[in-house]
Amino acid sequence: MSAISDRLKNVSISASAAMTQRARELAANGIKVISLSSGEPDFPTPAHAIEAAHVAALAGDTKYPPMDGTPALKAAIIRKFKRDNNLDYDASQIVVSGGGKQVIFNAMLATCNPGDEVVIPTPSWVSYADIVKFAGGVPVAVPCHEQTGFKLRPEDLEAAITPRTKWLFLNFPNNPTGAACSRAEMASIAEVMLRHPNVWIMTDDIYEHLVYDDFQFCTIAEVEPRLYERVLTMNGVSKAYAMTGWRLGFCAGPKELISAVSNVNGQNGGGIATLTQAAATAALDGPQDLLKERAAIYKERRDFVLDRLSEVEGLRCHRPDGAFYLYPNMSGLIGKTSKGGRKIETDVDFVMALVDEHHVATVQGAAYGMSPFFRISYATSMEKLGEGCARIAQFCRDMC
Ligand code: PMP
């Protein structure tokens, strides 16, 4: 008899983690790999956040935390939602978890009944569909096409909603395309949702602060206050404050939903490390200038990589407004053969040949539910981006 639950059998391991692993293996063999596969800021955690954790540790703040978040952190989160999103929440409407990922996991476990459908604009972050399946739900992909900037069109959303729909997920700026959503576009999504009063909305705003060229981020509960009672607004410190390793995310929403999410949270981990909570409080309450400074650097990198890719025959790349990803279309190379003799039929063939022959790690579009594309993360130095782009260009040029 297998030790593995049926629930787990449908769940795959993250493709970006698998590629990062492949890059590490090559690196362990002394090969210089340019890793453009990981969705992780290369900046350090702000010193004042590290300092706050240090101070908390020395002050003896090392006991079990409250399950749903310390009062100080919840207060900082309430201030954050007001300051950045003009949203009002009180402490009973907030839960703190081990990263945005755990927030979503807990929310789905708290709410999905078997067969409940979760509408996921696609391409989408690899974990959404797996988390939904884990919780017994059914992921339903709504395609967001390259021709329309990978945006969610209201008519496609409308067509995806059925009587079984429990949730709509929103993630703009998006992983993996970088597509963001203007206020007018968000209002038209909201209009659809007003017609479906039984559907909840989970908005993953983790890339909120990563928008470029004066693009204005917005979030659905603020754009359409009539949806406030049905929206779970998720955010975290990983991407904005370069705190991926601290593991802290949070969400806010209507009391009843939050209390259910909090219930799962209490069983699933039992609260987040006190030192992490102290650091996150300092990050949220501290100087915010670094967000704009870092966004300016990401923008330069985005433009640099876009310029380089535009010179590569066979690739075509949409210019996104946010996040730190590019999602080039590689259909122009399908049917070709790499210099190392690999036939390129799919985006999986492309990224595997690229990492093996030119040692650049990227992630296949298939992992995000839309082919033939691949994802480049530009959350790395200009030097690595320059080298990575040169290798990609060479790889493509050498195909015949
Ligand atoms: N949502 C999206 C869209 C992401 O890309 C990621 C990280 N790759 C997360 C959530 C999870 O972030 P965290 O580190 O807070 O778990």
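Residues are numbered from 1 along each chain as its sequence is written. Because the model is predicted, local features need pLDDT of at least 70 and side-chain atom pairs count only at pLDDT 80 or more, while totals for chains, interfaces and linings use all residues.

**Helix 2**

Helices are DSSP runs of H or I with at least four residues, strands are runs of E with at least two, and both are numbered from the N terminus.

Buried means 20 or more other C-beta atoms within 10 Å of a residue's own, exposed means 12 or fewer, and C-beta atoms are placed from the backbone.

| Side of helix 2 | Residues |
|---|---|
| Buried | Ser16, Met19, Ala23 |
| Exposed | Arg24, Glu25, Ala28 |

The buried residues of helix 2 fall within an arc of 60 degrees seen down its axis, so they line one face; the arc is taken over directions from the helix axis to the C-beta atoms. After helix 2 comes Gly30, with a positive phi near 85 degrees.

Three strands form an open antiparallel sheet in the order 9-12-11; pairing takes at least two DSSP bridges. Strand 9 (325-326) and strand 11 (363-364) are the edges, each pairing on one side only. Two bridges join strand 11 to strand 12 (residues 374-377), and Gln364 sits opposite Phe374 in strand 12.

**The ligand**

Among the 13 residues around the ligand, Gly99, Gly100, Lys101, Asn175 and Ser238 come nearest, where near means a backbone-placed C-beta atom within 6 Å.
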